[in-house]
Amino acid sequence: MSSPTMPPPLSPEVAAAMKHHAQGIKERMASGGSFVTRWDLSGKNAIVQPGGELIVRLAPRWDILSSWMQDATGKWVANPAYTPGPIFVAARGHWWDTADGKTNHAWCLTLRGESCPISEAADELRRSSADEDRKLAKRIGAKDEFIFNIYVGPTGQRKITDKGRPDVRPVILTGTIFLAISNLMTGGENPAFARGDISNPQHGFDLKFARPVGGGNDRWKVDIAPQPSPLFLPAEAARWKGWMSDLLDLEKMLDSEMRPYEELYQAFYQTAPPTGSGSAGGGQAPSMAAGWSPP
């Protein structure tokens, strides 16, 4: 890889997409279960503890390999037919706790335009006059989530799998983290400060995630390295051979992890849905009123 310089600017379409999602998060902030092995930023498998810091590198878009092609002489050149897209997937997720203290996660079915039993439960709780119900509604309601492929560790020290491969995995980032990343890439309100495509393999930037110590108004903080750096060093080239093929197609992953209404209902209520419930309608879910919570 060549010596580090500034990464290329974002395409207008990618920058617009990031700003669109960032604006939605800011508006919501102002108004007050995965099957793929991933990096967790919280919970028992968290890779960074409260008050700790983590160095990461956002991976390029998963189809980056198709951005190159071989010409008539066999030389690899840029593919003019390739259209760059966002390096993330925007989603909505539900989190809830069962009686045994287990925290569960599932993607909201409204992403597909379908009925979602957990969204329905949250809507009912929001209409309750009890504070406890409304707090539960906030806990289980769908939240903005953004899926990225990332590497953990700084340049030259990225985590490696037990098979000796670069350990790239998806991570679910909250809206506040995404907003910080978006502002770094696009410049936010000041485009002159935009860093562009910080995931660029040759001239990208490492990021530092700082996890808050506790709850309250504490939020994750995101900082960027002062200088660009390559994804890997020349001395690591053999280990990183074929790394583009290791990137997970995040759109396919999200689609594969969407659970049918009946399965999601069973996981949330710990009971089978009534006949006729779900996208077809006609069933009656257990009432969420009066402080109901999953058993």
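## The largest nonpolar core

In this predicted model, the largest nonpolar core has 38 residues, and Trp96, Ile140, Tyr151, Trp243 and Leu247 touch the most other members. A nonpolar core here is a set of buried Ala, Val, Leu, Ile, Met, Phe, Trp, Tyr and Cys residues joined through side-chain atoms within 4.5 Å, where buried means under 20% relative accessible area with a 1.4 Å probe, protein chains only. Two or more residues each come from strand 4 (88–97), strand 5 (103–107), helix 2, helix 3, strand 6 (143–152), helix 6 (250–257) and helix 7 (261–269). Helix 7 gives the largest share, six residues. Helices (H or I, at least four residues) and strands (E, at least two) are DSSP runs, numbered from the N terminus.

Another core, of 29 residues, lies apart from this one and includes Leu58, Ile87, Ile150 and Leu207.

## Around Trp243

Beyond its neighbours within four places in sequence, Trp243 is in contact (heavy atoms within 4.5 Å) with Pro60, Ile64, Tyr151, Arg165, Pro201, Leu231 and Phe232.

## Helix 2 against helix 3

The axes of helix 2 (residues 117–126) and helix 3 (residues 131–140) come within 8 Å and cross at roughly 150°. Helix 2 and helix 3 are therefore roughly antiparallel to each other, a label for angles over 145 degrees. On the helix 2 side, the contact is made by Ile118, Ala121, Ala122, Leu125 and Arg126, and on the helix 3 side by Asp133, Arg134, Leu136, Ala137 and Ile140.

## Reading the numbers

Residues are numbered from 1 along each chain as its sequence is written. Local features need pLDDT of at least 70, side-chain atom pairs count only at pLDDT 80 or more, and totals for chains, interfaces and linings use all residues, while side-chain values use heavy atoms, leaving out hydrogens and water.

How values were computed
Axes are lines fitted to C-alpha atoms, for helices over the stretch in contact, and angles run from 0 to 180 degrees between N-to-C directions. Angles under 35 degrees count as roughly parallel, over 145 as roughly antiparallel, 65 to 115 as roughly perpendicular and the rest as oblique. Buried means under 20% relative accessible area, exposed over 50%, partly exposed in between (1.4 Å probe, protein chains only).
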